[in-house]
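Please read them with the structure open beside the text.

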Amino acid sequence: MFAESPLNVRNKRIENLFRILFLMMTILLIIPVVVILATLIAKGGSIISIDFLFTDPTNGMTAGGIFPALLGTVWIVAVALLASVPLGVAAAIYLNEYAGDNWFTRIIQLAIINLAGVPSIVHALFGVGAFVIFFGFGTSILAAGLTLAIMTLPVVIVSTRESLRAVPQAFREACWNMGATRWQTIRRVVLPNAVSGILTGVILEVSRTAGETAPIMFTGAAFFLPFLPQSVFDQTMALSLHLFVVATQVPGVPENLPFGVALVLIAMVLLMNSISIAFRMYLRGKKKW
Amino acid sequence: MSEIDSLRASMTTDFDSRNMDWYIDKIVQFLVFIAGISAIVFIIGIFAFITLEGFGFLLEDFSFREFFLSPFWEPSDEDAPEYGILALVAGTASVTGLAMIVAIPFSLGAAIFIGEFATGKLRESLKVLVELLAAIPSVVWGFIGLSIMNPLIIDLFDVPVGLNVLNAGIILGLMAAPIMTSIAEDALKAVPDRYREAAEALGATRWQVIYKTVLPAAKNGLLGAVLLGMGRGFGETMAVLMATGHAVNIPDSLFDPVRALTATIAAELGETAVGAPHYQALFTIGIFLFIITFLINLTADLIVRGIRKG
């Protein structure tokens, strides 16, 4: 009675066929990237050293290290974070704690999706038009950082909102019943329970910001500078743009140099992402509710 | 006044007290509201500022016919500069099109495997892997196209130059695939489990559940994922700048170099004088890009929302 009919056998076979087909597709998606990473390491690994990270480029960028580019990326990321984290967290608080489910909220959400979807080069044009020219910041760390802040704002908003949403509604209700105002509830109950989730989003934003090239090309990053930036109104070199420059603009670069720069950049970005993912998993394991 | 009365009086004032906390609450509410609408302000701001910078061109040198129908992009010709984006549109379209052919089957397949077949540890690690793939910066992809794919294509197909539609299309496809995979996987996850359980209770195999129940229910979400992936490919700048060969050309074959809209702005903005017709023409391309991606995102949003309502 429970023996498998021919139809059962056939269906099982079809199922296995598709399982294997889709597994192959997943693997084929991953293999090229593994090969690419291996090539990067094989060709660029030889140049990576402490010296490479902490000395200036020399001989018209065909030798030496990448220190000014590394430092410039840190500057730009810092400015972008200072601008976008407070704004993004506040926006997420509004969306999750105050906004109702109506057309106005939908328009805000649509704007956020679009902010994330607008091409990076259009963000660059906006940065040039608004920060460099209109607000008169010139090509500077400030202009580049703000351009990236607006571009990565959706990352902060979306991840913060996720972690706010994960705080159970009962926590808020308990707090309101004690006579606390909305803000007191958010500050004392909601945010402390969501702060680590927000942090994972911020780490993710650091990774996004560090890797972007197009938006900073015309707003604050320079091909080469003989000095380090002194303030946010100075231009700076940046790691992502440095890769573009040594790969395409400078003649006579030894082969392992651009591979080394690419390796540092990708290692930085993947490290940030891995930290963010590990942190998220740790938090999920720790959840008390 | 009796004790009860005074107590009652104090209670009513308590409930009605507009003390410090009340004002702080209102101020914060106002501030987060401002932050909440900032995304709208920025979207309008982006459109306003790029229009402002490109306005002079739109008023004077812009001709609808020339801009959209001429294949000649020769802005630095001193006698008769021509601003036709047809070849650039063809470049963007060919590269994005090839990227979608590469990315759509693989990312939907991977999404189905991760979302429906894989379980436990395998599923978690695949998800993490896809997330990491999506994080690789576009300039690194461009560099890969330039330094790894380029010699590979020259060797394999015996062509003189490996920077062409094929190179950029594959690079862009690899870039867009992880993003499409994770959005598509979200769309599959949005299908309620009770659908699957109902189908399984009727004796359906896993594949039958997926094919007959999950995919039809997730249809719109998957379409949205494809559109968002396309928007991403369309707007990609650094990778196409480095891998396409950057020649203004309407491609005949996969091995023709092309130039994309985004890459044109990236390559030329630095060489132009602020306010010059060429500079303003680049901003006009920006307006065009903005409008197209806006429409793609809007469509994706409407399609995905449609399913939630219905």
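1. In this predicted model, Ala130(A) is buried, because 24 other C-beta atoms lie within 10 Å and the cut-off for a buried residue is 20 or more. Ala130(A) belongs to helix H5 of chain A, which covers residues 120-134.

2. When neighbours within four places in sequence are left aside, the contacts of Ala130(A) are Phe135(A), together with Gly45(B) and Phe49(B) of chain B. Val261(A), by comparison, stands 131 residues from Ala130(A) in sequence, and their C-alpha atoms are 31 Å apart in space.

3. Turning to the helix packing, helix H7 (residues 169-177) and helix H8 (residues 182-211), both of chain A, pack with their axes 10 Å apart and at an angle of about 160°. Because angles over 145 degrees count as roughly antiparallel, H7(A) is roughly antiparallel to H8(A), and the crossing of the two helices is right-handed.

4. In this contact, H7(A) contributes Phe171(A), Arg172(A), Cys175(A) and Trp176(A), which meet Thr185(A), Val189(A), Val190(A) and Asn193(A) of H8(A). By class, the residues of the contact between H7(A) and H8(A) comprise five nonpolar, two polar and one charged.

5. At the level of domains, chain A is divided into domain 1, spanning 6-47, and domain 2, spanning 50-286, and the centres of these two domains of chain A, taken over C-alpha atoms, are separated by 32 Å. Their contact draws seven residues from domain 1 of chain A and nine residues from domain 2 of chain A; on the domain 1 side, these divide into three nonpolar, three polar and one charged.

How values were computed. Residues numbered from 1 in each chain as written. Chains lettered and ligands numbered in written order. Predicted model: local features only at pLDDT ≥ 70, side-chain atom pairs only at ≥ 80, totals over all residues. Axes fitted to C-alpha atoms, helices over the stretch in contact; angles between N-to-C directions. Helix = DSSP H or I, 4+ residues; strand = E, 2+ residues; numbered from the N terminus. Parallel < 35°, antiparallel > 145°, perpendicular 65-115°, else oblique. Left-handed = near helix turned anticlockwise from the far one by under 90°. Contact = placed C-beta atoms within 7 Å. Nonpolar A, V, L, I, M, F, W, Y, C, P; charged D, E, K, R; others polar. Buried ≥ 20, exposed ≤ 12 C-beta atoms within 10 Å, placed from the backbone. Domains from an automatic or database assignment.
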